[in-house]
Amino acid sequence: MHVEHRRDGKPRTIASDVEVADSFLSKSRGLMFRRRIPDDYALVFEFDDVDRRSLHMLFVPFDIDALWLVGEEVTKTKRLSGWTGIGFGLADRIVELPAGAADGVERGDTVRVVE
């Protein structure tokens with residue numbers, strides 16, 4: 001499984017080590033209490049419907065890039081600061097990546113999780 005960013009028909013893998021937060025506990029915990037994540041890592045949150053979704057960086061000591069998606073379309077991107085970052089966006093899927101991994105990803109681009 002990997003996360004692919006596509007703009008102008010050109011695909012680019014932005015993460016090849018993908019974890020899916022698919023339970024209440026894994027969604028609640030997210031990246032909390034981890035010291036770091038690999039450069040090619042993504043944590044993907046899947047939801048049943050489109051809604052306003054929030055992220056916080058409490059107990060996450062490193063910066064991340066966050067992507068809010070509706071389907072495969074990016075609705076928001078934001079760099080969240082370790083410990084203090086917070087972000088909101090419309091999404092049915094959120095992808096958390098190491099800081100810098102989403103450089104070049106913009107609103108309206110396509111990001112998909114490829115099995």
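1. Largest pocket. In this predicted model, the largest pocket holds about 300 Å³ of space. Its lining comprises 18 residues, and those closest to the pocket centre are Lys 27, Ser 28, Phe 45, Ser 54 and Leu 55.

2. Origin of the lining. Three elements each supply at least two lining residues of the largest pocket: α1 (24-29), β4 (41-56) and β7 (86-98). Of the contributors, β4 gives the most, with six residues.

3. By residue class, the lining of the largest pocket divides into 10 nonpolar, four polar and four charged residues.

4. Secondary structure. The protein chain has one helix and eight strands. In sequence order the pattern is β-β-β-α-β-β-β-β-β. The radius of gyration is 13 Å, close to the 13 Å that the globule rule gives for 115 residues, so the protein chain is as compact as a globular protein of that length.

5. Overall dimensions. Taken along the principal axes, the C-alpha atoms of the protein chain fill a box of roughly 40 × 30 × 25 Å.

6. Burial and surface. Of the 115 residues in the protein chain, 43% are buried. The chain exposes about 6400 Å², and carbon and sulfur atoms supply 48% of that area.

7. Contacts along the sequence. Among contacts in the protein chain with a separation of 6 or more, 64% join residues 24 or more positions apart.

8. Gly 108, placement. Where does Gly 108 lie? Gly 108 is in the loop between β7 and β8 (110-114). The C-alpha atom of Gly 108 is separated by 23 Å from that of Met 1, and the two residues are 107 apart along the chain.

9. Gly 108, surroundings. Gly 108 has a relative accessibility of 42% and counts as partly exposed, because that value falls between the 20% limit for buried and the 50% limit for exposed. Leaving aside residues up to four places away in sequence, Gly 108 touches Glu 73 and Val 74.

10. Points to keep together. For the largest pocket, the main items are the volume of about 300 Å³ and the six lining residues from β4. For the fold, they are the one helix and eight strands and the 64% share of contacts between residues 24 or more positions apart, counted among those with a separation of 6 or more. For the loop between β7 and β8, the residue described here is Gly 108.

Terms used: Residues numbered from 1 in each chain as written. Predicted model: local features only at pLDDT ≥ 70, side-chain atom pairs only at ≥ 80, totals over all residues. Heavy atoms only, no water. 1 Å grid on protein atoms, 1.4 Å probe; cavity = no way out; pocket = protein on both sides within 12 Å on 5 of 7 lines; lining within 4 Å. Points joined across faces, edges and corners; volume = space filled by probe spheres on them. Helix = DSSP H or I, 4+ residues; strand = E, 2+ residues; numbered from the N terminus. Nonpolar A, V, L, I, M, F, W, Y, C, P; charged D, E, K, R; others polar. Rg over C-alpha atoms; globule rule 2.2 N^0.38 Å. Buried < 20%, exposed > 50% of the residue type's maximum accessible area, 1.4 Å probe, protein only. Contact = heavy atoms within 4.5 Å. Areas by Shrake-Rupley, 256 points an atom, 1.4 Å probe, with all protein chains shown as cover.
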